[in-house]
Amino acid sequence: MPLPAVLSKLPLPIIGSPLFIISNPKLVIEQCKAGVVGSMPSLNARPASQLDEWLAEITETLAAWNRDHPEQPAAPFAINQIVHKTNDRLEHDMQVCAKYKVPIVISSLGARTDINEAVHSWGGVVLHDIITNAFAHKAIEKGADGLIAVASGAGGHAGTRSPFALVQEIREWFDGPLALSGSIATGGAVLAAQAMGADFAYIGSAFIATDEARAADDYKQMIVASSSDDIVYSNLFTGVHGNYLRGSIVKAGLDPDNLPVSDASKMSFGGGEGSKKAWKDIWGCGQGIGAVDQVMPAGQLIARLKREYDEARQRVCAGR
């Protein structure tokens with residue numbers, strides 16, 4: 001199956017994942033200008049009325065860029081919608097997305113036919129993130145156009161499946177758009193994702209350590225100083241299992257090696273253990289951060305990824 005037109009001409013096969021609290025128009029715009037899909041959760045705009053302002057800024061800035069740089073048009077952008085019943089802003093945020101005809105919607109935590117149909121009504125494409133092959137089937141059955149396979153090692157809410165197993169199982173029956181998430185922070189890993197059968201690499205944690213990201217400086221520096229050994233997998237903080245920086249858990253006064261298990265029925269996306277909140281105090285992060293050795297502008301990171309990607313392709317073609 002050919003890729004949807006909006007995804008078919010990316011200079012680099014990368015989708016920047018929507019980072020809760022952290023992604024903002026500044027980061028999204030720089031990602032798109034550099035040739036990768038930039039994204040953010042609609043919930044990052046607070047109050048809700050700010051979403052209209054942010055989408056106006058993104059669409060107008062990228063339109064101006066395209067007028068001034070016809071030889072290097074910006075990549076499309078995406079908005080992430082949490083479709084779980086706990087999101088009481090969903091209807092409002094979808095109406096704003098419809099107003100701006102958001103080209104790509106990334107849906108999370110529950111595939112919904114009505115959401116997919118709404119996005120299709122204005123010509124948009126829906127990518128749904130999943131952690132198992134069973135969830136992938138449900139998403140496509142309910143009308144999603146493509147999938148984001150969130151494999152072991154991904155930052156934030158992540159699954160436990162090996163990327164090899166998850167992509168293989170999905171590709172046995174689905175030939176549509178497929179992005180892979182999980183420990184991808186180099187251009188070589190982007191090429192590896194494609195070799196496994198994915199169309200795109202889905203990168204999040206590396207973009208936290210960029211100048212444009214709306215993350216605390218301590219958060220960015222902890223990513224630079226950490227490695228996969230410093231990632232803790234727990235469901236304590238939101239009710240859903242996710243990967244977090246060990247240092248932030250210690251800083252919150254908790255023992256990362258002895259965390260209790262949370263009640264999954266009490267899912268929360270702004271709560272936390274005691275006064276410590278997930279994402280704000282307990283920092284999400286994936287296992288690929290060993291490749292992140294400094295904080296830099298997003299455009300510089302993307303240039304590095306492209307250089308590494310091209311070098312990896314040359315090595316493969318040369319048989320090395």
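Visitor: Where is Asn 44 found?
Guide: Asn 44 sits in the loop between β2 (38-41) and α2; helices (H or I, at least four residues) and strands (E, at least two) are DSSP runs, numbered from the N terminus. This is a predicted model, where local features need pLDDT of at least 70, side-chain atom pairs count only at pLDDT 80 or more, and totals for chains, interfaces and linings use all residues. Residues are numbered from 1 along each chain as its sequence is written, and side-chain values use heavy atoms, with hydrogens and water left out.

Visitor: Is Asn 44 buried or exposed?
Guide: Asn 44 is buried, with a relative accessible area of 3%. Buried means under 20% relative accessible area, exposed over 50%, partly exposed in between (1.4 Å probe, protein chains only).

Visitor: And what does the side chain of Asn 44 reach?
Guide: The side chain of Asn 44 reaches the backbone oxygen of Leu 19 at 3.0 Å. A polar atom of that Asn 44 side chain also lies 2.8 Å from the backbone oxygen of Ser 23. The cut-off for a polar contact is a pair of N or O atoms within 3.5 Å; within protein, one must be able to donate a hydrogen and the other to accept it, and residues adjacent in sequence count only if both atoms are side-chain atoms.

Visitor: Which residues is Asn 44 in contact with, leaving aside neighbours within four places in sequence?
Guide: Among them are Phe 20, Ile 21, Gln 50, Trp 54 and Arg 214. Contact means heavy atoms within 4.5 Å.

Visitor: What about the backbone: which residues does a cis peptide bond join?
Guide: Arg 46 and Pro 47, with omega about 5°. Pro 47 is in the loop between β2 and α2.

Visitor: What is phi of Ile 21 near?
Guide: Phi of Ile 21 is near 75°, a positive value in a residue other than glycine. Ile 21 is in the loop between β1 (14-16) and α1 (25-33) and counts as partly exposed, at 30% relative accessibility. Leu 109 also has a positive phi, near 60°; Leu 109 lies in the loop between β4 (104-108) and α4 (113-121). For context, most residues other than glycine have a negative phi, and most peptide bonds are trans.

Visitor: Switching to aromatics. How many aromatic pairs does the structure hold?
Guide: There are 5 aromatic pairs. Rings of Phe, Tyr and Trp (its six-membered ring) pair if their centres lie within 6.5 Å; planes under 30 degrees apart count as stacked, over 60 as edge-to-face and the rest as tilted.

Visitor: Why is the pair of Trp 173 and Phe 174 tilted?
Guide: Their ring centres are 5.6 Å apart and their planes are at 45°, so the pair is tilted. The rings of Tyr 219 and Trp 283 have centres 4.7 Å apart and planes at 10°, so that pair is stacked.

Visitor: Where are Tyr 219 and Trp 283 in the chain?
Guide: Tyr 219 is in helix α9 (residues 217-225) and Trp 283 in the loop between β13 (276-277) and α11 (298-317), so the pair links distant parts of the chain, 64 residues apart. Tyr 219 and Trp 283 are buried.

Visitor: Which residues are buried in α9?
Guide: Tyr 219, Lys 220, Met 222 and Ile 223. They cover an arc of only 160° around the axis, which puts them on the same side of α9; the arc is that of the directions from the helix axis to the C-beta atoms. The face of α9 turned away from its buried side carries the exposed residues Asp 217 and Ala 225.

Visitor: What covers the buried residues of α9?
Guide: The cover includes α8 (205-208), β11 (242-245) and α10 (246-251).

Visitor: How many residues does the largest nonpolar core have?
Guide: It has 77 residues, and those with the most contacts inside it include Leu 55, Phe 77 and Ile 223. Helix α2 (residues 50-68) gives the most to this core, with 7 residues. A nonpolar core is a set of buried Ala, Val, Leu, Ile, Met, Phe, Trp, Tyr and Cys residues joined through side-chain atoms within 4.5 Å.

Visitor: Last one: where does pLDDT stay under 50?
Guide: Over residues 269-275. The mean pLDDT of the chain is 94; pLDDT is the predictor's confidence in each residue, from 0 to 100. Where pLDDT is low, the predicted coordinates should not be read in detail.
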